[in-house]
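This report covers the ligand site and the pockets of one protein model. The structure is shown first, and the description follows.

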Amino acid sequence: MAATSKAISQAAVERFDLRGRVAIVTGGGKGIGKIYAREFARAGARVVAADIDGDAAETVAREIVGEGYEAIGLRTDVADADAVELMANAALKKYGTIDVLVNNASLMSVLPRRDWMEIPVEEWDKVMEVNLRGMFLCCRAVAPTMKEKRAGKIVNISSSRVWEGTPLRLHYTTSKAGVVGLTRALARELGAYNITVNAVTPGATLSETQVASSSGNYLATRVVGRSLERPQTPEDLVGAVMFLSTAASDFITGQTLNVDGGKAMH
Ligand SMILES: NC(=O)c1ccc[n+]([C@@H]2O[C@H](COP(=O)([O-])OP(=O)(O)OC[C@H]3O[C@@H](n4cnc5c(N)ncnc54)[C@H](O)[C@@H]3O)[C@@H](O)[C@H]2O)c1
């Protein structure tokens with residue numbers, strides 16, 4: 001088909017436009033979060049990469065700035081209410097507003113895969129503390145700014161384990177199911193303010209941290225049953241998270257978008 005020489009409409013540009021948007025990416029120092037931070041910045045967003053690994057977050061921000069885009073890196077423990085308020089304040093101080101929150105930080109790759117009876121109670125509590133309380137605290141910290149301007153996008157990272165009931169990290173799978181519940185209820189709480197809250201469920205993804213903590217055999221088994229039968233990369237998730245962060249998804253809220261190469265269908 002011949003390419004059209006007509007300029008694309010302004011509406012078409014604005015629909016997927018992230019330029020100038022201020023996006024906080026938690027867990028943005030490593031793994032998939034690092035790729036979200038980098039790709040959002042490359043799309044023109046001003047990025048706050050917040051991670052409990054402050055050095056990693058600062059390195060990501062430095063690399064983004066080195067490419068000529070905008071970012072800051074912060075050491076933030078999402079499970080710590082004071083630290084999360086500091087994160088939101090730092091974003092406001094640096095960039096003046098908050099448009100997007102990508103709740104990506106999580107305890108996952110550091111967790112051993114083991115029988116559920118062997119999970120220490122302290123580890124169960126820690127997973128809930130980071131993966132659920134952390135998400136609640138981050139939403140709470142950005143909500144006043146988003147409510148005031150009656151606009152905002154919250155994207156919560158869950159997991160395709162929720163659809164598959166994947167065993168051996170029972171606490172992790174349970175916490176990611178909680179993310180779906182939080183997303184649905186918070187969408188109703190924030191709808192009146194024109195703030196959308198959605199979730200994404202990635203399939204097993206070859207993030208650097210996942211690869212380092214998994215056997216090749218395990219990762220190979222995760223590919224089986226996908227409609228698109230190949231390994232999933234962090235880049236495979238970027239488009240879905242961006243879609244839920246832009247005007248293109250303005251009438252979608254409380255939903256969970258599965259990005260796993262067509263394994264689970266719901
Ligand atoms: N990689 C996968 O196969 C996969 C599959 C489904 C869902 N996910 C989800 O996608 C997201 C990213 O996955 P990943 O593979 O990069 O995971 P990961 O475990 O490697 O990365 C999580 C990031 O969160 C940070 N973090 C941990 N605790 C924190 C805390 N208390 N405060 C702030 N930051 C903290 C880590 O330093 C790390 O940068 C996670 O939410 C994960 O649960 C990943």
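## Where the ligand sits

The model is predicted. Its ligand takes up the space of the largest pocket. That pocket has a volume of about 760 Å³.

## Lining of the largest pocket

The lining of the largest pocket is made of 39 residues. Nearest the pocket centre are Asn104, Ser106, Leu107, Met108 and Ser109. H2 provides the largest share, with 4 residues.

By residue class, the lining of the largest pocket holds 15 nonpolar, 15 polar and 9 charged residues.

## Shell around the ligand

The ligand is surrounded by 28 residues, the closest being Asp51, Tyr172, Thr205, Ser207 and Thr209. At least two residues of this shell come from each of helix H2 (31–42), helix H7 (170–190) and helix H8 (208–212).

Sorted by class, the shell around the ligand comprises 11 nonpolar, 13 polar and 4 charged residues.

## Polar contacts and burial

For Asp77, a polar side-chain atom is 2.9 Å from a nitrogen atom of the ligand. For Thr209, an N or O atom of the side chain is 2.2 Å from an oxygen atom of the ligand.

How much of the ligand surface does the protein bury? On its own, the ligand exposes 820 Å², and the protein buries 95% of that area.

## Second largest pocket

The second largest pocket contains about 160 Å³ of space. Its lining consists of Arg21, Asp99, Ala151, Gly152, Lys153, Asn194, Thr196, Thr246, Ala247 and Asp250. These lining residues divide into 2 nonpolar, 4 polar and 4 charged. Arg21, Asp99, Lys153 and Asp250 are charged, while Ala151 and Ala247 count as nonpolar.

Key. Residues are numbered from 1 along each chain as its sequence is written. This is a predicted model: local features need pLDDT of at least 70, side-chain atom pairs count only at pLDDT 80 or more; totals for chains, interfaces and linings use all residues. Side-chain values use heavy atoms; hydrogens and water are left out. A residue is near a molecule or strand if one of its heavy atoms lies within 4 Å of it. A polar contact is a pair of N or O atoms within 3.5 Å; within protein, one must be able to donate a hydrogen and the other to accept it, and residues adjacent in sequence count only if both atoms are side-chain atoms. Accessible areas come from the Shrake-Rupley method with a 1.4 Å probe; for residues, only the protein chains shown count as cover. On a 1 Å grid over the protein atoms alone, a cavity is a set of points where a 1.4 Å probe fits but cannot get out, and a pocket is an open set with protein on both sides within 12 Å along at least five of seven lines; lining residues have an atom within 4 Å of a point. A molecule sits in a cavity or pocket if more than half of its atoms lie within 2 Å of its grid points. Grid points are joined across faces, edges and corners, and a volume is the space filled by probe spheres set on the points.
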